[in-house]
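Dear colleague,

I am passing on the structure below, together with some notes on what turned up when I went through it. Please have it open while you read.

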Amino acid sequence: MAAKNAVGLDIGTSSIKVCHVRDNRSAIELLAYDSIGLPPDTMRDGVILHAPQLTARIQEIFAINKIKQRQVAVSLSGHSVIIKKISLPEMTVAELEESIQWEAEQYIPFDIKDVNVDFQVINAHAGQGQMDVLLVAAKKAVITELLDVVRAARLEPVVVDVDAFALYNAFELNFPVPPTETVALVNVGASTININVVANGTSAFTRDITVGGNLLTEEISKQFAVPWEEAEHMKTTSETTLSMSGVLREVQRISQRVSEVLISEIQRSLDFFAATAMNAEIGAIYLCGGAALQSGLIEGIERRLSTHVRAMNPFHNITADGKKFDTTLLARMAPSASVAMGLALRKNGDR
Ligand SMILES: Nc1ncnc2c1ncn2[C@@H]1O[C@H](COP(=O)(O)OP(=O)(O)OP(=O)(O)O)[C@@H](O)[C@H]1O
Ligand SMILES: [Mg+2]
């Protein structure tokens, strides 16, 4: 029997998401999806601040959703991961496995003893006897910390991925674009923006920018002198409640300003990509992440980058039983579900 899909477990700064699917060959069927908020002091910039709190919330979300599968796929993002495209002399995968540690040393700003190194050959014959390899290095201490939390929740981590790659897996499943088209996947979370530019059917450029929707919460909290939770509520709450007090206009003004900051960061990364790559013309931007909903972001990106922005709904090509799922609720959760969805496509034994 083919291996079952692991449960995608996305531990974000603001919330945990779980996604479980069954691969029926002809279709991917959604078995479970949910998210659960985290207290603000649990995670900061992808670093675990309060491990027991996190473990408890993971157990809770598995229990509420009655998920029996214990094997999970988790991911890393932010400063603890380095992804680089490097060029090496052509060699076999076995030879590369032998030498990658040594080759990686010169590209990684950390002590090589402190990191786990992985790779993927993206072009075995790049010309002139060279090959293109995607190098991924992650701090061992950060991986250990994450795995400890997951194991403490009595789960078995079978895959450790990277947010940007999970994003790509979710995208590929739902939006089959021709490999000749270059697209940018942009996931705007609470504390991180993951970018993955896809060209010729592979990742041509990835970057994690450590800023996100938290910036808007901070600004609202400062401007109105209200605690974090209240500011968070003000920015996500329905417009009618706020407009009664006239606060809405002010929140939107702050949101527009903060969006400009996020857009500048995204633009900077995409400009960098454009300056260093072939196929640099980005045909479309697929946007997701909870903070992609903030006022001024989508229109701002379209205006400043003169590129079409599409919503990346990770449930687009997924079948979900209408009797089991509230489709309205699912649609509301979709923007922040991409990483969990990408992780849910992984199976035990995957690289
Ligand atoms: N309607 C909305 N308007 C504005 N912001 C929103 C809205 N809904 C959610 N957000 C913001 O989206 C962010 C959460 O998004 P998401 O769940 O993708 O992040 P995360 O995965 O927890 O964080 P990260 O990936 O950065 O660790 C929060 O900052 C939240 O305030
Ligand atoms: Mg996230």
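The domain bounds used here come from an automatic or database domain assignment, and the model itself is a predicted one. On that basis the protein chain is divided into domain 1 (1–79 + 141–175 + 313–351), domain 2 (82–135) and domain 3 (177–311). Between domain 1 and domain 2, the C-alpha centres are 28 Å apart.

As for ligand 1, both domain 1 and domain 3 give residues to the shell around it, so ligand 1 lies between these two domains. There are 21 residues around ligand 1, and those that come nearest are Gly 12, Thr 13, Gly 189, Gly 213 and Gly 290. Two or more residues of the shell are given by helix H5 (214–224) and by helix H6 (228–236), and H6 provides the largest share, which is three residues. By class, the shell is made up of 16 polar, three nonpolar and two charged residues.

The other item concerns two helices, H8 (residues 247–276) and H9 (residues 297–305), whose axes come within 10 Å and cross at roughly 45°. That angle makes H8 oblique to H9, and the crossing of the two is right-handed. On the H8 side the contact involves Ser 259, Glu 260, Leu 262, Ile 263, Ile 266, Gln 267 and Leu 270, which meet Leu 297, Gly 300, Ile 301, Arg 304 and Leu 305 in H9. Sorted by class, this contact of H8 with H9 has seven nonpolar, three polar and two charged residues.

With best wishes

Terms used: Residues are numbered from 1 along each chain as its sequence is written. Chains are lettered from A and ligands numbered from 1 in the order in which they are written. This is a predicted model: local features need pLDDT of at least 70, side-chain atom pairs count only at pLDDT 80 or more; totals for chains, interfaces and linings use all residues. A residue is near a molecule or strand if its C-beta atom, placed from the backbone, lies within 6 Å of it. Helices (H or I, at least four residues) and strands (E, at least two) are DSSP runs, numbered from the N terminus. Ala, Val, Leu, Ile, Met, Phe, Trp, Tyr, Cys and Pro count as nonpolar, Asp, Glu, Lys and Arg as charged, and the others, Gly among them, as polar. Axes are lines fitted to C-alpha atoms, for helices over the stretch in contact, and angles run from 0 to 180 degrees between N-to-C directions. Angles under 35 degrees count as roughly parallel, over 145 as roughly antiparallel, 65 to 115 as roughly perpendicular and the rest as oblique. A crossing is left-handed if the near helix is turned anticlockwise from the far one by less than a right angle, and right-handed if clockwise. Two residues are in contact if their C-beta atoms, placed from the backbone, lie within 7 Å.
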